[in-house]
Amino acid sequence: MAKLLLKLQRYFRRKPVRFFTLLALYLAAGSLVFLHSGFSGEPRVAGSPRSPAAAEGPGLQYLGVMQLSRGFKAAATIPAGGRRHGPWFRNTSREPWDRGKPRESSGPRSRALRGRSGREKEEDRARYIGCYEDNTRHRTLRGMSFFDYKKMTVFRCQDNCAERGYLYAGLEFGAECYCGHKIQAPNASEAECNMECKGERSNTCGGANRLSVYRLELAQDAIFRGCFRRPENVSIALPASQLMLNMSVDKCVDFCTEKEFPLAALAGTTCRCGFPSTLFPLHEREDEQLCAHKCAAEEFESCGSADFLLVYQTQVQDNRCMDRRFLPSRAKQLVALASFPGAGNTWARHLIELATGFYTGSYYFDGSLYNKGFKGERDHWRSGRTICIKTHESGQKEIESFDSAILLIRNPYKALMAEFNRKYGGHIGFAAHAHWKGKEWPEFVANYAPWWATHTLDWLRFGRKVLVVHFEDLKRDLFSQLQRMVALLGVTACQDRLLCVEGQKDGNFKRSGLRKLEYDPYTPEMRKTIGAYIRTVDAALRLRNLSGVPEDYYPR
């Protein structure tokens, strides 16, 4: 061994360049290993030091401090096991694990047949209609569209179109999804819809300028809006009408859906269709007994009368408020849309974007929100291209970065459960039963409950111009509360646009509510602690001459 080392020493003395080259390679390899180990772990939130000085308000010794840094992505943004969405760029290369496999060599005809066999599996949620011509000037389906050049599947396209209430879903070029209420193009040969789906090789997703179209089974029926007095200019307020001697709710809703109107109004034997507008705002409901006139075709259904209309909301999307863009010029002020996690910030962003026509930004980046249509998510929060900035931050430095703010406050009992569901189940999912019964829920409440209070107190203390909006008030009286929010943003929104927002208010991030817990997850100790936080926030609001927290914040 000593002789070998001696030979190496003599060798490198004669050729020092090779020695330093090998040394540099060794150090570079070590650096790469070190960097890889440093970035491979899960992100963690550093614990904040406890400080009694953080408390504010009577009868509360410590509220705790929790701040999110600029690089922290508001808890777990992408839940484990959740559906992953591919990036929005074209990737024509094969996956690394698939390069060694021989690709199936089959012609267009066999791929079309394989696609039809895959379509049979989808019949429980949608029915395949056929292959249709399509081009950029005259779209076959003229509703929403999105692309994913890596992971597009038939189910994903159907799911996105169905949750927005469209009747048809179409796929093209293997990666493009289009939605609509009416097919507006001639049929094409089945063999022309032969492109494999980017994320599902066992199925086909249309072809070049050819659309594979599916008829969707809608997730829910038409929504009942109530009984309303006939508007004065009924032919203008509800422009489409049809005499139906065998009237029924389904027939009128189907007629208005086919005509692409979001409202179906039953007036005895006449079916009328239209939009919510200043002529017919749907704000003054009448007693339902005034519309209790039997339908001719359905004995147990009411069809209204000539003077009192029974109104339903169809699955047609009201496109009058769906156009959105970035601000035409850089914003002079940064407006925060601040809230505690789980307080409805994403829903408020959806409402603001529809009401103003401008994208909202975010202090963070959430890929799932970007893929759902929040295009301002990728912009830096100081870019000035968005109407307001989503943030969960608290702390003087972060708050004073903004010129004004909309502070959204929600019942802490509901907010904590919503954020717990989001953290362990995704934006519209639910935490598993084991998480509620395990150690995760008590630890979560212990860490997040004090943050609910300190978040509001910090914004009231350090915010320059703060508009307080309670989540419960926004749900109860969306029209007037949204007017207040839009006014702070300095945008003039017409009433028809706000009425359109009322019809599209749910957005894509509303939990179904079907999986409610069968028990109360809060222990008496938790309620006692949270009750003290509620009283502190209520006192802070009243101290600033604002209305206190709503009564339903307190347990009955």
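This is a predicted model: local features need pLDDT of at least 70, side-chain atom pairs count only at pLDDT 80 or more; totals for chains, interfaces and linings use all residues.

- Asn545 has a phi near 60 degrees, which is a positive value in a residue other than glycine.
- Is Asn545 buried or exposed? Its relative accessible area is 74%, so Asn545 counts as exposed, the cut-off being over 50%.
- Glu260 is another non-glycine residue with a positive phi, this one near 65 degrees.
- You'll find Glu260 in the loop between helix H6 (249-258) and strand S10 (263-267).
- With a relative accessible area of 30%, Glu260 is partly exposed.

**An open sheet and its helix**

- Look for five strands lined up as S1-S7-S3-S4-S2: they make an open sheet, and the pairing is antiparallel.
- Which strands sit at the edges? Strand S1 (126-133) and strand S2 (145-147) do, each pairing on one side only.
- On average, and ignoring direction, neighbouring strands of this sheet are turned by 20 degrees against each other.
- Zoom in on strand S3 (residues 168-172) and strand S4 (residues 176-180): they run antiparallel and are joined by five bridges.
- For one of the pairs, go to Gly170, whose bridge partner in S4 is Tyr178.
- Helix H4 (residues 154-163) lies across S1, S2, S3, S4 and strand S7 (210-216). Compared with S3, helix H4 runs at about 140 degrees.

**A covered strand, S13**

- How many residues of strand S13 (residues 335-339) are buried? Five of its five are, and the strand is described as mostly covered.
- The cover is on both faces: Val335, Leu337 and Ser339 are buried on one side, while Ala336 and Ala338 are buried on the other.
- S13 runs parallel to strand S16 (residues 404-409), and five bridges join the two.
- In that pairing, Ala338 has Leu407 of S16 as its bridge partner.
- S13 also runs parallel to strand S15 (residues 389-391), this time with three bridges.
- Here the bridge partner of Ala336 is Ile389 in S15.

**A covered helix, H15**

- Helix H15 (residues 495-503) is mostly covered too, with seven of its nine residues buried.
- Those buried residues are Arg497, Leu498, Leu499, Cys500, Val501, Glu502 and Gly503.
- What do the buried residues of H15 pack against? Their partners are strand S12 (308-313), helix H7 (345-356) and helix H14 (478-488).

**A buried aspartate**

- Asp379 is placed in the loop between helix H8 (367-371) and S15.
- Why does Asp379 count as buried? Its relative accessible area is 15%, and buried means under 20%, so Asp379 falls in that class.
- Leaving aside residues up to four places away in sequence, Asp379 touches Phe326, Ser362 and Arg385.

Terms used:
Residues are numbered from 1 along each chain as its sequence is written. Side-chain values use heavy atoms; hydrogens and water are left out. Two strands pair if DSSP finds at least two bridges between them. Helices (H or I, at least four residues) and strands (E, at least two) are DSSP runs, numbered from the N terminus. Axes are lines fitted to C-alpha atoms, for helices over the stretch in contact, and angles run from 0 to 180 degrees between N-to-C directions. Contact means heavy atoms within 4.5 Å. Buried means under 20% relative accessible area, exposed over 50%, partly exposed in between (1.4 Å probe, protein chains only).
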